Amino acid sequence: MTTLLFHKPYGVLSQFTPEPGSRWGCLAEHIPVPGVYAAGRLDADSEGLLLLTANGRLQQRLTDPAWGHWRRYWAQVEGEASAEALQRLRGGVLVQGKPTLPARARRLGEAELAAAALPERVPPIRHRLQVPTAWIELELREGRNRQVRRMSAAVGLPTLRLLRMAIDLMDGEPPLDLSGLAPGQWRTAGPEEERRLQRLLTRTGTTPGPRGRGGRAGGGKSGRSGGGG
């Protein structure tokens with residue numbers, strides 16, 4: 001089974017073919033491995049961890065919201081990210097007329113951000129000098145269209161920059177994350193990671209969690225939809 005971990009940079013669709021007339025790039029410009037496909041998408045204007053696999057069953061297992069794999073996002077937002085706003089995100093907000101599932105949300109501290117040493121986005125975000133910004137961590141178990149951005153906007157915190165930092169395989173082991181990958185870089189999953197992924201397909205006695213609303217986490221044809229980012 002071939003699985004890749006890719007740090008998707010800004011401006012790249014989660015697909016291997018470009019869209020006619022689009023200003024966005026595609027995966028073929030970065031990954032020369034045939035026969036793999038994204039297991040859960042990221043919007044073209046989002047960054048971060050993208051899993052690609054040649055195994056259709058694994059792709060379905062990771063993207064089916066019935067299994068509720070936690071996905072961890074870091075978002076730079078406009079505003080102060082108050083305790084009230086974070087609590088609203090945890091409890092669920094209305095997105096396109098439907099409530100989101102309960103989420104995990106917290107504000108990221110300066111020391112944590114410094115330790116992560118996030119590279120600057122290319123192109124850089126646009127700052128409004130008179131408006132403060134903050135970084136929040138949001139973890140979701142569903143992947144509706146542009147969900148993180150819609151959720152943050154619903155509590156008065158428009159998203160300026162968004163990265164998917166990790167995907168939890170829900171097996172009691174550490175989530176797969178961006179460790180060691182710069183934007184545009186990819187690597188093949190290691191032997192232990194491949195064993196963990198294979199166990200997702202063979203595990204018995206496990207039932208899916210509550211089905212997420214809004215369809216498959218990998219839904220949508222282009223990088224504009226699906227995956228929550």
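1. Four residues of helix α1 are buried: Leu58, Arg61, Leu62 and Thr63. The partners against which the buried residues of α1 pack are β1, β3, β4 and α5. Please keep in mind that this is a predicted model.

2. Helix α1 covers residues 56-63 and helix α5 residues 191-202; their axes are 10 Å apart and meet at an angle of about 80°. The two helices are therefore roughly perpendicular to each other, since angles of 65 to 115 degrees are classed that way. From α1, the contact uses Arg57, Leu58, Arg61 and Leu62, and from α5 it uses Leu197, Leu200 and Leu201. By residue type, this contact of α1 with α5 has 5 nonpolar residues, 2 charged and no polar ones.

3. Is Thr53 buried or exposed? Its relative accessibility is 2%, so Thr53 counts as buried, the cut-off being under 20%. Thr53 belongs to strand β3, which runs over residues 47-53.

4. The largest nonpolar core has 31 residues, and those touching the most other members are Leu52, Leu89, Ile136, Leu138, Leu140, Val148 and Met151. Two or more residues each come from β1 (3-8), β3, β4 (71-78), α2 (83-91), β8 (133-140) and α4 (147-154). Strand β8 contributes the most to this core, with 4 residues. Another core, of 21 residues, lies apart from it and includes Leu58, Leu62, Leu169 and Leu176. As a general point, nonpolar side chains tend to be buried together in soluble globular proteins.

5. Which residues does Ile136 touch, leaving out those up to four places away in sequence? The contacts of Ile136 are Tyr73, Trp74, Ala75, Val77, Ala81, Leu86, Leu89, Arg106, Arg107 and Leu108.

6. For the protein as a whole, there are 5 helices and 11 strands. Of its 229 residues, 51% are buried. Among contacts between residues at least 6 apart in sequence, 77% join residues at least 24 apart.

Terms used:
Residues are numbered from 1 along each chain as its sequence is written. This is a predicted model: local features need pLDDT of at least 70, side-chain atom pairs count only at pLDDT 80 or more; totals for chains, interfaces and linings use all residues. Side-chain values use heavy atoms; hydrogens and water are left out. Buried means under 20% relative accessible area, exposed over 50%, partly exposed in between (1.4 Å probe, protein chains only). Axes are lines fitted to C-alpha atoms, for helices over the stretch in contact, and angles run from 0 to 180 degrees between N-to-C directions. Angles under 35 degrees count as roughly parallel, over 145 as roughly antiparallel, 65 to 115 as roughly perpendicular and the rest as oblique. Contact means heavy atoms within 4.5 Å. Ala, Val, Leu, Ile, Met, Phe, Trp, Tyr, Cys and Pro count as nonpolar, Asp, Glu, Lys and Arg as charged, and the others, Gly among them, as polar. A nonpolar core is a set of buried Ala, Val, Leu, Ile, Met, Phe, Trp, Tyr and Cys residues joined through side-chain atoms within 4.5 Å.
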